[in-house]
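Here is a note for a colleague who is opening this entry for the first time. Please read the points below with the sequence and the model side by side.

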Amino acid sequence: MSDPAPVEPRPGSGDIFAALANPTRRELLRLLLDQGEQPVQRLADHFAMRRPSLSEHLRVLKDAGLVVEHPVGRQRLYSLRPEPLREVAEWLGPYERFWRGRLAELRDVLAELPDE
């Protein structure tokens, strides 16, 4: 069985890296990962900001394809859409291997130092 095809970004989707650059948006993604689908108000309870500001952060995440929104009655529920994060993981892979190698080299050098 072959690996699934990579998820292609939607035309006009926002930049994933720009969306992830903001700590509030990263925390929103963490909340959705840990706690699942949530209404805006429950998400807003975790932040010291007005709801319109939080809604703007959610819009950026939605435009980047990282969250999906759907109405249920009068509420808007948000859930994580993790597939676009594959692009980030693929981009970070070479850097992770680089730093793993460098840290292993540092460990070896430190192991050769005499104890004081």
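**Notes on the predicted model**

1. The protein chain exposes about 8,600 Å², and carbon and sulfur atoms supply 55% of that area; accessible areas come from the Shrake-Rupley method with a 1.4 Å probe, and for residues only the protein chains shown count as cover. This is a predicted model, in which local features need pLDDT of at least 70 and side-chain atom pairs count only at pLDDT 80 or more, while totals for chains, interfaces and linings use all residues. Residues are numbered from 1 along each chain as its sequence is written, and side-chain values use heavy atoms, with hydrogens and water left out.

2. The protein chain has 5 helices and 3 strands, which follow the pattern α-α-β-α-α-β-β-α when read along the sequence; helices (H or I, at least four residues) and strands (E, at least two) are DSSP runs, numbered from the N terminus. Of the 116 residues in the protein chain, 27% are buried, where buried means under 20% relative accessible area, exposed means over 50%, and partly exposed lies in between (1.4 Å probe, protein chains only). Among contacts (heavy atoms within 4.5 Å) between residues at least 6 apart in sequence, 55% join residues at least 24 apart.

3. The largest nonpolar core has 20 residues, and those with the most contacts inside it are L28, L43, L54, L58, L61, L66 and Y78. The elements that give two or more residues to this core are α1, α2 (23–35), α3 (40–44) and α4. Such a core is a set of buried Ala, Val, Leu, Ile, Met, Phe, Trp, Tyr and Cys residues joined through side-chain atoms within 4.5 Å. Leaving out residues up to four places away in sequence, L54 touches L28, V40, L43, A44, F47 and M49.

4. Which strand holds Q38? Q38 lies in strand β1 (residues 38–39), and Q38 counts as buried because its relative accessibility is 0%. Its side chain reaches the backbone oxygen of L31 at 3.4 Å, and a polar contact of 3.2 Å joins the side chains of Q38 and Q35. A polar contact is a pair of N or O atoms within 3.5 Å; within protein, one must be able to donate a hydrogen and the other to accept it, and residues adjacent in sequence count only if both atoms are side-chain atoms. Beyond its neighbours within four places in sequence, Q38 is in contact with L31, L32, L43, R76, L77 and Y78.

5. L77 belongs to strand β3 (residues 75–80) and is counted as buried because its relative accessibility is 12%. Although L77 and P39 are 38 residues apart in sequence, they are 4.3 Å apart in space, C-alpha to C-alpha. With neighbours within four places in sequence set aside, the contacts of L77 include Q38, P39 and V68.

6. The side chains of H57 and R25 are joined by a polar contact of 3.1 Å, and, residues up to four places away in sequence not being counted, H57 touches N22, T24, R25, L28 and M49.

7. F17, found in helix α1 (residues 16–20), is partly exposed, because its relative accessible area is 31%.
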